[in-house]
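Below is a short briefing on one protein model, grouped by topic. Please read it alongside the sequence and coordinates.

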Amino acid sequence: AVQEATTPPIGFDDEEIITQQARAEAMIVHSPLGFNLKSLSYELDGSGRAAVVWDCLRAGIDPNLYYSSSDNKDVSDDPIAHAWIDAASSSISTSNLDVSGICQDENILGRRQGQGLGAAAWKKLQNLMDDYHCSNNDSMQSGNGKQQGGREAIYTIENSIASLSHMKVSPDGTTKLLLKMKKDGLEVESVIIPWFDKGFSTLCVSSQVGCKQGCTFCATGRMGKLRSLTTDEIIVQVYYANKVCRVVSKILNTQNDDVIDISDHANVLPKVDNIVFMGMGEPADNTDAVVPAVTTLVDRRMFGLAQSKVTISTVAPDPSAFATLGQAPAALAWSVHAVDNSLRRRLVPSTKHSMEELKEGLVQALSSRSNKLRRTMLEVALIEGVNDSDEDAKLLGAFSQSIMDEVAGSKVVVNLIPYNAIDHPTYRTPSMETVMGFQKMVTDCGVLCYVRTTRGDEDSAACGQLATKKKRAVKK
């Protein structure tokens, strides 16, 4: 039964202090993706109605389309299917794939499958989309924003928030999505990284278009910061990733064995169960949107991810960045890259604080967190002859150990990332022998240390390269 909402849509508990940041967030016009469940329940006149909307969003189904007629179909699945087939054609044989019927419902919405939304609630949902569209979209970019197609014109996620601009599928299954924001036509990159042996995918999401931190080894840093993403624009990346994983799995699992060998699990995308804010942008420069987005990701009634399955990575523009991002119910990661102060300033030119000052900020933030969120990751992009020496490894090991010594119950893990080439004139990827030697020295200091596996093809492996390369191609 649908339960009636009885609380106003401010989105905060009565005992909660509404800070200046929260008040600013409350003034922003959101789509349903940006509402918390209490607020959406109020707007739709019932928590049950809000729940069925989120059943759709969690599965990557647009409720505006799904409940727009008695067919219960999201017709936007079809172009996603064809986009994936086009993108994957260089990796697997797709010529005989049949995508007919992929929009058919197969009980993917769980126990509320037959509940429905109702015409009145669907109209309220459309009113929310209308408000969002009018407040956020550039009319020159998006026209009137409504989908026609023989039925009542409606606002959808695709024509009001973001659309899939480009998709790239690598032989290892890594799937890169380029999303075009309807607000102004700017594009951001999200990457689905499947872990077939573990049965889930990691999604790397962006928090900004570009980045102002200017890391010398990063393609996104070359773009500069164009603007920050809204909460809705962060969440829509997860929506599209879930849609792609669902549609791809449905395509491949409905084929005959003689069409494609689905036992080759590299051809199927496991569902997203892990999210990292390691895409374009610096999360600490956009906490007003990042913190609410993470809250949506871990809410069991929304995306329902475990807090330990969401990681926010920051370069730490200042010591307070850790405490600010620590408000989000997620694990923290620090893009360190070098412990030596002068070397770090060379790699991260925006650095204004010493590593000891930044470490103190991290220590204070971790000390105030629950034990399960005191695990943190230190990330290092290893560059040949720059920060891959034995001395660099020893400094990093000692630095990591000092954090664990100062924070009871904490655990520090070092993640080594061999440099991805971005046409830098002098930077090179170190040899695997050097990387493994570096790893051993850090491990010898008593610190867990892993080497990140390079995923995706070398043509566009670096974060942000898909967006920047496409932009250059367009200019030509």
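Buried means under 20% relative accessible area, exposed means over 50%, and partly exposed lies in between, with a 1.4 Å probe and protein chains only. The model is predicted: local features need pLDDT of at least 70, side-chain atom pairs count only at pLDDT 80 or more, and totals for chains, interfaces and linings use all residues. Residues are numbered from 1 along each chain as its sequence is written, and side-chain values use heavy atoms, with hydrogens and water left out.

**Confidence**
- pLDDT is the predictor's confidence in each residue, from 0 to 100; the protein averages 83, and 77% of the residues score at least 70.
- Helices (H or I, at least four residues) and strands (E, at least two) are DSSP runs numbered from the N terminus; the lowest confidence is in helix 7 (residues 139-142), with a mean of 46, and the highest is in strand 10 (residues 310-314), at 98.

**Nonpolar cores**
- A nonpolar core is a set of buried Ala, Val, Leu, Ile, Met, Phe, Trp, Tyr and Cys residues joined through side-chain atoms within 4.5 Å.
- The largest has 80 residues, of which W54, V236, Y240, I275, F277 and L297 touch the most other members.
- Helix 10 (residues 231-253) gives the most to this core, with 12 residues.
- A second, separate core holds 28 residues, including M355 and V412.

**Aromatic pairs**
- Phe, Tyr and Trp rings (for Trp, the six-membered one) pair if their centres lie within 6.5 Å; planes under 30 degrees apart are stacked, over 60 edge-to-face, and the rest tilted.
- The whole structure contains 6 aromatic pairs.
- W334 and F399 form a tilted pair, with ring centres 5.7 Å apart and planes at 55°.
- W334 is in strand 11 (residues 331-335) and F399 in helix 15 (residues 390-406), so this pair ties together parts 65 residues apart in sequence.
- W334 is buried at 0% relative accessible area, and F399 is buried at 6%.
- Y419 and Y427 pair edge-to-face, 5.8 Å centre to centre with 90° between the planes.

**K309**
- K309 lies in the loop between helix 11 (287-298) and strand 10 and is partly exposed, at 27% relative accessible area.
- Leaving out residues up to four places away in sequence, K309 touches D273, N274 and I275.
- K309 also lies over the face of F200, 5.0 Å from the ring centre; the criterion is NZ of Lys or CZ of Arg within 6 Å of the ring centre and within 35 degrees of the ring normal.

Conventions. Contact means heavy atoms within 4.5 Å.
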